[in-house]
Amino acid sequence: MRRAIRRAALAVLAALLCSCSMFDYSGIVTHKYALVYGVTWYTMDTNGPNLQFPHMDASAISAVLQSNGYTVTSRWVDGAGDVWTDGTDTHLPIGTPVATSPDGSSYIGGGAGDGVAPSKANILVDIQNLAGTVGPNDVLLIYFSGHGTQDASVTPPREYFDPYASVLKDSSGNFYDYPVPSVLDNDLATAFAAIKTPRKIVILDTCNSGGFIGNQLEADWTPPAYLGGASLVGPETLSQAISNYASMQSSPTGLSPYGAQVLSAAGRDESCYETPTLGHGVMTYYLLQGLQGSRADINHDGHVTVLEAFSYAKAGIDANWNPNNSGSTFEPHISGGPVDFVLF
Amino acid sequence: MGLGGTGTVTMSAGQGFGPKLQYGGGFAIDFVFPLDKWTRLVTSIEGFTVAPSDISGGFLYRGYSGAALSMMLQAGAVFAFSPSLGLMRVGGGLGVAAALPSYWYTTLAFFYLEPRAQAFLDWEPAGLPHFDFQLSVPVALQLRGDMSYSVSTGIGLGVLYRFGNDK
């Protein structure tokens, strides 16, 4: 009897230890695709809420992804209002869009570049166009740099990022970002449904981008509005984690970790920043630092994962930006869930 | 009261992804309450870590570390005794743990329950009357909401110090 028990236990253990060879995961990733967007100028009106560096962010991200084997489709609006597609200046300018409907779904005053600009329609069409191309073992990465907003007038608050033609002038001459022509998590979730691979990665360098993260079981002890100082695990973290476990995957908003891994520059309730000192959005700058030369390869296995890239960018912000910008601190966030994806 | 360490291998599969192995380890501080001659209740405070899986297929299961509280009912019987070597007992246990780990490199904490079973071999050396040494083979099922399944096994080594002189 004793011998039989010992033999059975050893057999179970041996079977588990040897089971690596049972699974065939040949290779790392078959093909890698990226859609990269940036909006520096939203309007030719010099009083508009234009930015300085999203086109630099998009250009640099495109380059680092291409150098690591990605097939990149890109659209960005530069600091002169010109639209670029796939890294080439079309010399087609945007206009000064003025809303003609209360929800911003229509406008006048667009420019010659509107048809190829990184608008919501073009972003969703780009995703749709990849549906027949991206295979089940491929990677699809979407990057956006520009404005992002939280609509706190609804419950729960909703966050979205602002492509071109979502920040519009109204008849009074004021600029607003309108939800309808903006991109919500639901818009991405719907578009992603046609993409066969589960390896989808969304990187957002926008304010309030943490709202795109729909963590279902995890409690994030970095608050949605980081105010500096140490964030620690406390009784609230335990309580939230248990509550999430009891409710079993009921995140009301955001992309499920099974829909996409989201790396956001900012928390749901906070802004993030760009600075001439770095020539980029702050998060993108440190992300690029990690991706260029694979410095984010924390475990030195020759590959960079989404989590490693996040960790590198977060460490850079914590070490260099937050201590020196007490009024403008922010923290990147990342999706939960058990799975991490290889970037390259 | 006892101290123990365990090396584990966990096989997990996430929704839409295949199974992979993750290796880990942990330690425990045990508080043992004898119930009768054959059974005892073991409550433990544990720390553990599970390393990420490999990256084959372009994905990996994240590593995580955390703490757990557990309770196990153990039953055993003496199967060998030697005046010079001491007493050996074999037995098994059933229990449950509540775990609160967080994923490596993140501030994301999660919770799960873990039913456990264990086979063990105890040695009470004749020359060390207050000590038990235990070799165990635990098997655990992690009831994680974010995994299709997650099971682990391993090998544990522990030492138990018994207060008092009753045996």
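Helix 6 of chain A passes helix 7 of chain A in a right-handed crossing, meaning the near helix is turned clockwise from the far one by less than a right angle. Helices here are DSSP runs of H or I with at least four residues, strands are runs of E with at least two, and both are numbered from the N terminus.

Provenance, quickly. This is a predicted model, where local features need pLDDT of at least 70, side-chain atom pairs count only at pLDDT 80 or more, and totals for chains, interfaces and linings use all residues. Residues are numbered from 1 along each chain as its sequence is written, chains are lettered from A and ligands numbered from 1 in the order written, and side-chain values use heavy atoms, without hydrogens and water.

The contact (heavy atoms within 4.5 Å) includes A:Tyr286 and A:Leu287 of helix 6 and A:Tyr312 and A:Trp321 of helix 7.

Now the sheet. Three strands of chain A form an open sheet, in the order 8-9-12, with antiparallel pairing. Strand 8 (147-151) and strand 12 (183-184) stand at the edges with a single partner strand each, so one side of each has no neighbour in the sheet. Pairing requires at least two bridges found by DSSP. Strand 9, residues 158-162, pairs with strand 12 over two bridges. A:Tyr160 stands opposite A:Leu184 in strand 12.

Last, the whole chain. Chain A has seven helices and 19 strands. Of its 344 residues, 53% are buried, that is, under 20% relative accessible area with a 1.4 Å probe, protein chains only.

How values were computed:
Buried < 20%, exposed > 50% of the residue type's maximum accessible area, 1.4 Å probe, protein only.
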